[in-house]
Amino acid sequence: TGNKFKSASPGDFTVYCKYNSIKSNTSTFKIVDASAKPITFTTNVLVEDITGTWCGYCPRVAYKLQELQKKTSQLVVVAAHSGSTNSLDYEKVDVLKSTFGVAGFPWGILNRKGTGDAGRWGEGDAQITSIAASPSKVGVAIESSITGRDLTVKIKAKFSEDYTGLKYVIYLLENDLKATQRTYGDLGYGIGTEIPSGSDKWWLVDFEHKHVLRKALTSGPLGDAIDDSSSKKGSIFEKSHTYTIPAAYNKDKMEIVAFVVKSDKSVLNARYSEFGKTQSFQEISN
């Protein structure tokens, strides 16, 4: 009793105890500086589903993403509509299509990991869950408040290493929008209705479209710059945006998606939030 070992600096130390001629076995201990331990964060995976109500195979991707969201809370889905004759289209969808090499429909852009097939979701769960299994060095949190139709959204990003050339994106989405959807068979939602009868054209009438991209609060879907001085290890970046929600949108059915991207446009981390919530960072205990 009374014998203690301590160190003023971190490292690996081998120690033993001795009593007269009796010596114990040795043990090695790692002493670490707790303040220097890197913080990591839960990784949320973004899939931007490039879709359209005219696209007969698009319900297949929507269904697979919907089913995977039942299994994991780490999947963030955005449905960017293109080429339809209704009001669901996102006005800057062509920026996403050209930037990420979208060459057909349906097309899921997976965490913006590349252009063309290199960045396309292959519709398998493992592609998404494998990314979600690895912690991120960037945490994202969203704060929002709404008064009437005036919305304020703040994105916060916390960094556990130094980064340069980052951008952030804030999306507003709307859920449960009903519009007739073309289908080429039972792709998860039933075979649909033949309209007109005998035409061999099948449609899902009053199909509920979810996570429909309405607006980027940033200057566009590719995001706005984060100053390098705000993306150093231990720093927290914050930026607020305000927006008056148009009467055509149902504010009670809307949600927020925010994410941070690297200079190569790939997603470091993403987050989903309902309106009026204040989130904390999803830090992982080390």
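Lys23 lies over the face of Tyr16, at 4.2 Å from the ring centre, where a charge is taken to sit over a ring if NZ of Lys or CZ of Arg is within 6 Å of the ring centre and within 35 degrees of the ring normal. Arg182 is placed over the face of Trp203 in turn, at 5.3 Å from the ring centre. The model is a predicted one, in which local features need pLDDT of at least 70 and side-chain atom pairs count only at pLDDT 80 or more, while totals for chains, interfaces and linings use all residues. Residues are numbered from 1 along each chain as its sequence is written, and side-chain values use heavy atoms, with hydrogens and water left out.

From charges over rings we pass to rings beside rings. A pair of aromatic rings is described by the distance of the centres and the angle of the planes. Rings of Phe, Tyr and Trp (its six-membered ring) pair if their centres lie within 6.5 Å, and planes under 30 degrees apart count as stacked, over 60 as edge-to-face and the rest as tilted. By this rule the count comes to 8 aromatic pairs. Tyr171 and Phe259 form an aromatic pair that is edge-to-face, with 5.5 Å centre to centre and 70° between the planes. This pair links distant parts of the chain, since Tyr171 belongs to strand 11 (residues 167-174) and Phe259 to strand 18 (residues 254-261), 88 residues apart; helices (H or I, at least four residues) and strands (E, at least two) are DSSP runs, numbered from the N terminus. Tyr171 is buried, with a relative accessible area of 0%, and Phe259 is buried with a relative accessible area of 0%, where buried means under 20% relative accessible area, exposed over 50% and partly exposed in between (1.4 Å probe, protein chains only). Elsewhere, Tyr63, Tyr189 and Phe207 form one aromatic cluster.

Most residues other than glycine have a negative phi, and most peptide bonds are trans. The peptide bond from Phe105 to Pro106 is cis, with omega near -10°, and Pro106 is found in the loop between helix 2 (93-99) and strand 8 (107-110). A cis peptide bond also joins Ile195 and Pro196, with omega about -10°, and Pro196 lies in the loop between strand 13 (193-194) and strand 14. Glu123, although not a glycine, has a positive phi of about 75°; Glu123 is found in the loop between strand 8 and helix 3 and is buried, with a relative accessible area of 17%. Asp176, in the loop between strand 11 and strand 12 (177-182), has a positive phi near 60°, and at 27% relative accessibility Asp176 counts as partly exposed.
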